[in-house]
Amino acid sequence: MESPSRTIEAISVRALSKSYEGVAAVAGIDLSVARGEVFALLGPNGAGKTTTVEILEGYRRRDGGEVSVFGLDPGRDRARLKPLIGIVLQSTGVDRYLTVAETVRMYAGYYPHPRPADEVIDLVGLSAKRNSRVVKLSGGQQRRLDVAVALAGDPELLFLDEPTTGFDPSARHEAWQIVRDLAALGKTVLLTTHYMDEAQQLADRVAVISAGRIVAEGTPDSLAGRDRVRPRVRCRLPGGVAAPEGFAAAPAADGFLEFAPDDLTAALHRLTGWAIDRGVELEGLQIVRPSLEDVYLSLTDPTASGPGEGAAR
Amino acid sequence: MSIGATLRQVGYVNKMFWRNPASAFFTFAFPLMFLVIFTALLGHGTVVIGGRPVHQSTYYVASMGAFAVITACFTNTAISMTFSRDAGVLKRTDGTPLPAGVYFGARVLHAVFVAVLLVVITAAFGRAAYQADIPGGATLLRFLLMLVIGATSFCALGFAITAAIPNFDAAAPIVNAAIMPLLFLSGIFIPLGDNAPAWIVWVARIFPVKHFGDGFQAAFLGTSFAWSDVLVVAGWGLAGLLIAARYFSWEPRS
Ligand SMILES: Nc1ncnc2c1ncn2[C@@H]1O[C@H](COP(=O)(O)OP(=O)(O)O)[C@@H](O)[C@H]1O
Ligand SMILES: [Mg+2]
């Protein structure tokens, strides 16, 4: 089969929608993923991540919108798409009585141009378990085998649906390394996760999905204007001391005063100058920028009104 | 079409089958065990089949052969496909370029292979222990045709019934509820003889089990072979295939 044109992007989605029994799970989302990009779909449980990726993989039918993966419509051209993609489902299994090597070889045999099985097994770090039966693998090792099976056909594009959910921290770091290695091989990766740090560590670009909609999209550093949001100054004043003029604000729940000055340098100078003059200690003085977690929580919290507000959490 | 791919897949199915020793053991042990038990309990008289007296031990060689094939093809296929479906193996396979026909074809080929092996073992055991006749010549060829068509048809019915199985826990009860009454009503466990109640005769006539069993009797007991038996069995197999094509699910149902 001819390889798809190099010019089209790996994934392009426009106005995708999907309902289950009249309840919208995906309510009109747009996405585009370039070749060679690691793209994270970040969102809480039930946001519509699995629905979205399984439509892209060809497992589920969409209700509306346009979807293209390497220029193919997963709903219509599934057979042509299958050799080009590797799929790690959110929950999946493999036949119990084969060894790791046999399993990878079996799946490799389904593809026109497989990657050598030993290479794939090395890539996911299962070389020592090559001849172990699948039933004997730990949970983390089984997940690596899932990735190995998805890589067996040497796909251009890899879907990873919550690849590290349930992992302990060290297993998660190892899994991240595998994804980085894949990126270094030039593979396009679409991963879903509800871990902010995972998106931050791995993704070139992140889309935050909440209740079936994309609520923010960008690089992990700039997501929702995180790089442009004004930093906040926080400190606590001793009891009975009133805030200086221009810094008056109702204390937050934890007793801290918080302000987001226009000119941080000048404001800090004034504040500390005032404190030294008075002999007042500014307890717990800190400068806070919104973390990706803040942005994420505010974006996915249905009661928050926007990223600016969220940054002031 | 993809003969190489199918044979390669049969190899993997075969490996998995033998590496589950409990399942493999019982697939082979059950029919022989039943053969010994039924013959010990009921095997001392004769039964009149097609106007001819037949020794009951010989009768059971034929019917346990049929039982073995039905277990290997219908029961095992339905239960193991449900297991693979609920474990997520089928969904994963469905995400690869492997044609569905190759996957199903390999399962069927392997089940037929096991079925033939079972019949050979049952017949050899029957020959050694009960002096049963072994068919030859044209009888053998007609019998092999019935065996292969029957085995394939029961596999297709095994695929079809998975559509009615909501989850793996329900697989064995549902499959047994479907097949056990038919095995009794079709004279597999207890000969129907010539004065069975009319309704049982009708049930036996409609469903494929008795027709399949009659094919075995023609081979082992020398009763007359009826092409209509082959046709009824094949018709059920075709129906199973159509139902599977329409309702088979690659994903867990819940
Ligand atoms: N097969 C299904 N049938 C009915 N509802 C579903 C189905 N799959 C998902 N949903 C619902 O759609 C919403 C989105 O689910 P999902 O795409 O699995 O989200 P995520 O992967 O982000 O956790 C959820 O409310 C979920 O309950
Ligand atoms: Mg999900």
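This is a predicted model: local features need pLDDT of at least 70, side-chain atom pairs count only at pLDDT 80 or more; totals for chains, interfaces and linings use all residues.

Visitor: At what angle do the axes of helix 2 and helix 5 of chain B cross?

Guide: Helices are DSSP runs of H or I of at least four residues, and strands are runs of E of at least two, both numbered from the N terminus. Axes are lines fitted to C-alpha atoms, for helices over the stretch in contact, and angles run from 0 to 180 degrees between N-to-C directions. Here helix 2 (residues 21–42) and helix 5 (residues 100–130) of chain B cross at roughly 30°, their axes coming within 10 Å. Angles under 35 degrees count as roughly parallel, over 145 as roughly antiparallel, 65 to 115 as roughly perpendicular and the rest as oblique. Helix 2 of chain B and helix 5 of chain B are therefore roughly parallel to each other.

Visitor: Which residues in helix 2 and helix 5 of chain B meet?

Guide: Contact means heavy atoms within 4.5 Å. Helix 2 of chain B contributes residues including B:Phe28, B:Leu32 and B:Leu35, and helix 5 of chain B contributes, among them, B:Leu117, B:Ile121 and B:Phe125. Ala, Val, Leu, Ile, Met, Phe, Trp, Tyr, Cys and Pro count as nonpolar, Asp, Glu, Lys and Arg as charged, and the others, Gly among them, as polar. By class, this contact of helix 2 with helix 5 of chain B has eleven nonpolar, three polar and no charged residues.

Visitor: How do helix 3 and helix 9 of chain B cross, and at what angle?

Guide: The axes of helix 3 (residues 56–86) and helix 9 (residues 208–220) of chain B come within 9 Å and cross at roughly 135°. That angle makes helix 3 of chain B oblique to helix 9 of chain B. Residues of the contact include B:Gly65 and B:Val69 of helix 3 of chain B, and B:Phe212 and B:Phe216 of helix 9 of chain B. The classes here are ten nonpolar, four polar and no charged residues.

Visitor: How much area do chain A and chain B bury between them?

Guide: Buried area is the accessible area (1.4 Å probe) that two parts lose on being put together, summed over both. Chain A and chain B bury about 2,300 Å² between them, with 52% of it on carbon and sulfur atoms. A:Tyr59, A:Tyr97 and A:Tyr110 supply 29% of the area that chain A buries against chain B, more than any other three residues. The contact takes 25 residues from chain A and 21 residues from chain B.

Visitor: How many salt bridges are counted between chain A and chain B?

Guide: A salt bridge is a side-chain nitrogen of Lys or Arg within 4 Å of a carboxyl oxygen of Asp or Glu. The count between chain A and chain B is six. In one salt bridge, the side chains of A:Arg78 and B:Asp94 meet at 3.3 Å, N to O.

How values were computed. Residues are numbered from 1 along each chain as its sequence is written. Chains are lettered from A and ligands numbered from 1 in the order in which they are written. Side-chain values use heavy atoms; hydrogens and water are left out.
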